[in-house]
Amino acid sequence: MNYLEMMEEVRVDELVIHPENPRIGNVEAIAESIKENGWWGTVVVQRSTSQVCAGNHRVKAAKLLGMETIPVYWKD
């Protein structure tokens, strides 16, 4: 399977913020950046749990903005 086959648009409400995410981010500033510049890249999500491994704050910002889907790179 190549990396493009592991990416897809996923409903934001299906993603689970990782409970042990150690990073602190400014979700409001990230949301503002997304509004001004659009969405860039993907978030990395564990397929078996739907937990976000990379991009937790971008997922929170997407929820804040009311986005329905975002690009996800699935990994297990």
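**Leu65 and its partners in the predicted model.** Setting aside residues up to four places away in sequence, Leu65 touches Ala31, Ile34 and Lys35. Touching, or contact, means heavy atoms within 4.5 Å. Leu65 lies in helix α2. Helices (H or I, at least four residues) and strands (E, at least two) are DSSP runs, numbered from the N terminus. The model is predicted: local features need pLDDT of at least 70, side-chain atom pairs count only at pLDDT 80 or more, and totals for chains, interfaces and linings use all residues. Residues are numbered from 1 along each chain as its sequence is written, and side-chain values use heavy atoms, with hydrogens and water left out. Leu65 has a relative accessible area of 31%, so this residue is partly exposed. Here buried means under 20% relative accessible area, exposed over 50%, and partly exposed in between (1.4 Å probe, protein chains only). Leu65 and Ala31 are 34 residues apart in sequence, yet their C-alpha atoms are 6.7 Å apart in space.

**Ala61, a buried residue of helix α2.** Ala61 belongs to helix α2. Its relative accessibility is 0%, so Ala61 counts as buried. Which residues does Ala61 touch, not counting those up to four places away in sequence? They are Val27, Ile30, Ala31 and Ile34.

His57 sits in helix α2. With 14% relative accessibility, His57 counts as buried. Leaving aside neighbours within four places in sequence, its contacts are Asn21, Arg23, Ile24, Gly25, Val27 and Ile30.

**The buried residues of α2 and what they pack against.** The buried residues in α2 are Asn56, His57, Val59, Ala61 and Ala62. An α-helix has 3.6 residues a turn, so residues three or four places apart point the same way. The buried residues of α2 pack against α1, β2, β3 (52-54) and β4. Just after α2 comes Gly66, with a positive phi of about 75°.

**Trp39 between α1 and β2.** Trp39 is found in the loop between α1 and β2. Leaving aside neighbours within four places in sequence, Trp39 is in contact with Ile34, Arg58, Ala62, Met67, Ile70 and Pro71. Trp39 and Thr69 are 30 residues apart in sequence; C-alpha to C-alpha, they are 11 Å apart in space.

**The largest nonpolar core.** This core has 16 residues. A nonpolar core is a set of buried Ala, Val, Leu, Ile, Met, Phe, Trp, Tyr and Cys residues joined through side-chain atoms within 4.5 Å. Which residues have the most contacts inside the largest core? They are Leu15, Trp39, Val43, Val45, Val59, Ile70 and Val72. At least two core residues come from each of α1 (27-37), β2 (43-46), α2 (56-65) and β4 (69-75).

**His18 in the loop between β1 and α1.** His18 lies in the loop between β1 (7-11) and α1. With 25% relative accessibility, His18 counts as partly exposed. His18 touches Gln51, Val52 and Asn56, not counting residues up to four places away in sequence. His18 and Gln51 are 33 residues apart in sequence and 5.3 Å apart in space, C-alpha to C-alpha.

**Ser50 in the loop between β2 and β3.** Ser50 is found in the loop between β2 and β3. Its phi is near 65°, a positive value in a residue other than glycine. Most residues other than glycine have a negative phi, and most peptide bonds are trans.

**The whole chain, for orientation.** The protein chain has 2 helices and 4 strands. Read along the sequence, they follow the pattern β-α-β-β-α-β. The C-alpha trace spans about 35 × 25 × 15 Å along its principal axes. Of the 76 residues, 32% count as buried. Among contacts between residues at least 6 apart in sequence, 83% join residues at least 24 apart.
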